[in-house]
Amino acid sequence: MKRENFSRKRQAILQAICSTTVHPTAEWVYQTVKPQYPDLSLGTVYRNISKFKEEGIINSVGVVNGQERFDGNTEQHSHFICNNCGAVLDISEQNLSQDVDRAIADRYGLQVVSHELVFRGVCKKCQQD
């Protein structure tokens with residue numbers, strides 16, 4: 001019985017990450033899943049997130065405003081991080097990704113498998129405030 005309960009929690013944690021584009025923190029995931037599983041601990045969320053990262057099911061966007069952010073979209077894409085509010089936005093310019101990989105491979109004689117590209121600045125919402 002405990003194993004089934006763990007699997008459901010694990011699935012709920014993964015679903016919370018993959019069903020949003022906000023690039024959530026572990027705390028956000030915990031607060032989202034906790035109402036469904038009142039006995040859920042923050043440690044369980046962290047352990048499962050770590051396992052998901054190891055398995056390549058999710059990616060880490062990095063630390064933004066002191067908290068690691070996660071992405072359920074594992075397709076190659078870039079991110080924009082707002083210096084003001086910390087919003088993380090997906091940038092899905094495929095030509096940019098292919099051009100960068102090819103340019104680096106050619107210039108340095110490397111075989112590029114993937115890369116991570118992060119743009120930083122001020123998002124539209126913060127520019128309007």
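These notebook entries record what I looked up in a predicted model.

**Conventions**

I worked from a predicted model, in which local features need pLDDT of at least 70 and side-chain atom pairs count only at pLDDT 80 or more, while totals for chains, interfaces and linings use all residues. Residues are numbered from 1 along each chain as its sequence is written, and side-chain values use heavy atoms, with hydrogens and water left out.

**Entry 1: Ser78 and strand 3**

I located Ser78 in strand 3, residues 78-82. Strands are DSSP runs of E with at least two residues, helices are runs of H or I with at least four, and both are numbered from the N terminus. Is Ser78 buried or exposed? Ser78 counts as buried because its relative accessibility is 2% (buried is under 20% relative accessible area, exposed over 50%, partly exposed in between, with a 1.4 Å probe and protein chains only). Not counting residues up to four places away in sequence, I found Ser78 touching Leu89, Asp90, Ile91, Leu117 and Phe119; contact means heavy atoms within 4.5 Å.

**Entry 2: the hairpin**

I next examined the partner of strand 3. Strand 4 (residues 88-91) pairs with strand 3 in the antiparallel sense over four bridges; pairing requires that DSSP finds at least two bridges between two strands. Ile81 has Val88 of strand 4 as its bridge partner. The two strands form a hairpin with five residues between them, and Gly86 in the turn has a positive phi of about 85°.

**Entry 3: Val118**

I placed Val118 in strand 5, residues 118-121. Val118 counts as partly exposed because its relative accessibility is 34%. Leaving aside neighbours within four places in sequence, Val118 is in contact with His79 and Ile81.

**Entry 4: Gln36**

I found Gln36 in the loop between helix 2 (26-33) and helix 3 (42-55). Its relative accessible area is 53%, so Gln36 is exposed.

**Entry 5: the largest pocket**

How much space lies in the largest pocket? I noted about 270 Å³. A pocket here is an open set of points on a 1 Å grid over the protein atoms alone, where a 1.4 Å probe fits, with protein on both sides within 12 Å along at least five of seven lines; lining residues have an atom within 4 Å of a point. Strand 1 (residues 59-64) gives the largest share of the lining, three residues.

Conventions. Grid points are joined across faces, edges and corners, and a volume is the space filled by probe spheres set on the points.
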